Amino acid sequence: MRIQPPKSQARTRDQPLFTLDELKEASRTVYRAMQPTPQLAWPLLEEETGCNVWVKHENHTPIGAFKIRGGITFVEWLKTEGLKVAGVVTATRGNHGQSIARAATQAGLKAKIVVPHGNSVEKNRAMKAFGAELIEFGSDFDSAKLEAARIASDEGFEFVPPFHRELVRGVATYGLELMLGAPPLDTIYVPIGCGSGICGLISARDCLGLDTKIVGVVSEHAATAKLSVEAGRLVETNSADTFADGMAVRVPVKAAFDIYSEGADRIVAVSDEQIVEAMLCYLRTTHNLTEGAGAAPLAALMNEKDRQSGKAVGLIMSGGNIDLSWTRQVIAGKVPRLS
């Protein structure tokens, strides 16, 4: 018998998606598999931005990205539910796939990961190294997601969606770490792909009862979340052609939209050129290499320097997984070419 994912729950600032006890339990689950990541203030970055900036270094997890947290709690939930399946299958541009591959194989489950053609070569290698069977299908994430759902139906695998309550509960643990480990923050900037990162952050803020503003960041070439919030309804785009593959989503997720449309202060868009400048800024000021999505929050802050002058601001460096060939182009000050 297939276990259906729990339905998304209505929430308000006074009734968060999770209780603090639920997030503390998720933290204990996550910490059995990894250490907390640091939140650091970098003086050179403060000089560049004019803000008291705290960077949440999710590029320092065992897979180099925040997604690992959700994979850990999702697979633990499957075990708790006693699910009996051949394995799990999901679609990804890389970081979610690494998370599911690592957690599933460590739990003794097979993992099939579907990626679009032309996906990051090094992220593909990493998923295989974590034990996944990699399947290339379609031209973008959303077409790969449809193929993953077909495999689940035809082969008896459990489909792991890009957004799920248990994924968000795990991801929310980085929000707890940041908000409890840094001074009170006026604003936190976070990238948006399918939405687990921003929704986890909102959930952590709300259960702690804080007033911190959450600003979602999208690529101007993959702006489905921003367009949806502005329209008050789900808005799909025809393409998501950005090298910041963690944000390259055409079709918004309603359960995520329901949370960030209410809980985010605003959604802003940045260009690929601005993302490249932010990646270079991180290299100069923190000596950390970040992927495109991980640098997007800094790009957004740079656009809003005057607005945030003198304030305490958090930036989610969501991951550091970028191919070497793209890194060379970024260091040369160029936007990586999409193949």
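The chain exposes about 13,600 Å² of surface, and carbon and sulfur atoms supply 50% of that area. Accessible areas here come from the Shrake-Rupley method with a 1.4 Å probe, and for residues only the protein chains shown count as cover. This is a predicted model, in which local features need pLDDT of at least 70 and side-chain atom pairs count only at pLDDT 80 or more, while totals for chains, interfaces and linings use all residues. Residues are numbered from 1 along each chain as its sequence is written, and side-chain values use heavy atoms, with hydrogens and water left out.

Consider the overall build next. The C-alpha trace spans about 55 × 45 × 40 Å along its principal axes. A compact globule of 339 residues would have a radius of gyration near 20 Å, and the 18 Å of this chain agrees with that. The radius is taken over C-alpha atoms, and the globule rule is 2.2 Å times the number of residues to the power 0.38. Of the 339 residues, 60% are buried. Buried means under 20% relative accessible area, exposed means over 50%, and partly exposed lies in between (1.4 Å probe, protein chains only).

Contacts also describe the fold. A contact means heavy atoms within 4.5 Å. Among contacts between residues at least 6 apart in sequence, 74% join residues at least 24 apart. As for charge, the chain has 37 positive and 39 negative side chains, and the centres of the two sets lie 3 Å apart. Lys and Arg count as positive and Asp and Glu as negative, whereas His and the chain ends are not counted. The place of a charge is taken as NZ of Lys, CZ of Arg, CG of Asp or CD of Glu.

The chain has 14 helices and 10 strands. These are DSSP runs numbered from the N terminus: helices are H or I with at least four residues, and strands are E with at least two. Strands of a sheet pair through backbone hydrogen bonds, either parallel or antiparallel. Two strands are said to pair if DSSP finds at least two bridges between them.

Strand 10 covers residues 312-317, and six of its six residues are buried. On one side are A312, G314 and I316, and on the other are V313, L315 and M317; both faces are covered. Strand 2 (residues 52-57) pairs with strand 10 in the parallel sense over six bridges, with V53 opposite V313. Strand 7 (residues 187-191) also runs parallel to strand 10, joined to it by three bridges. Here Y189 has L315 as its bridge partner.

V55 belongs to strand 2. Is V55 buried or exposed? V55 counts as buried because its relative accessibility is 0%. Beyond its neighbours within four places in sequence, V55 is in contact with P38, Q39, L40, W42, L45, Y282, L315 and M317.

A separate part of the description concerns an open sheet of four strands, which has the order 5-4-3-6 with parallel pairing. Its edge strands are strand 5 (133-136) and strand 6 (158-159), each pairing on one side only. Strand 3 (residues 87-91) and strand 6 pair over two bridges, and V89 stands opposite F159.

Strand 8 (residues 213-219) and strand 9 (residues 266-270) are also parallel, with five bridges between them. The bridge partner of V215 in strand 9 is R266. Four of the five residues of strand 9 are buried.

Helix 4 takes in residues 95-106 and contains Q98. Q98 counts as buried because its relative accessibility is 3%. Apart from neighbours within four places in sequence, Q98 is in contact with I63, K123, A126, M127, F130 and N321. A107 lies in the loop between helix 4 and strand 4 (110-115). With a relative accessible area of 37%, A107 is partly exposed. Not counting residues up to four places away in sequence, A107 touches V75 and K79.

The last stop is H287, in the loop between helix 11 (272-286) and helix 12 (292-303). H287 is exposed because its relative accessible area is 63%. Its phi is near 60°, a positive value in a residue other than glycine. Most residues other than glycine have a negative phi.
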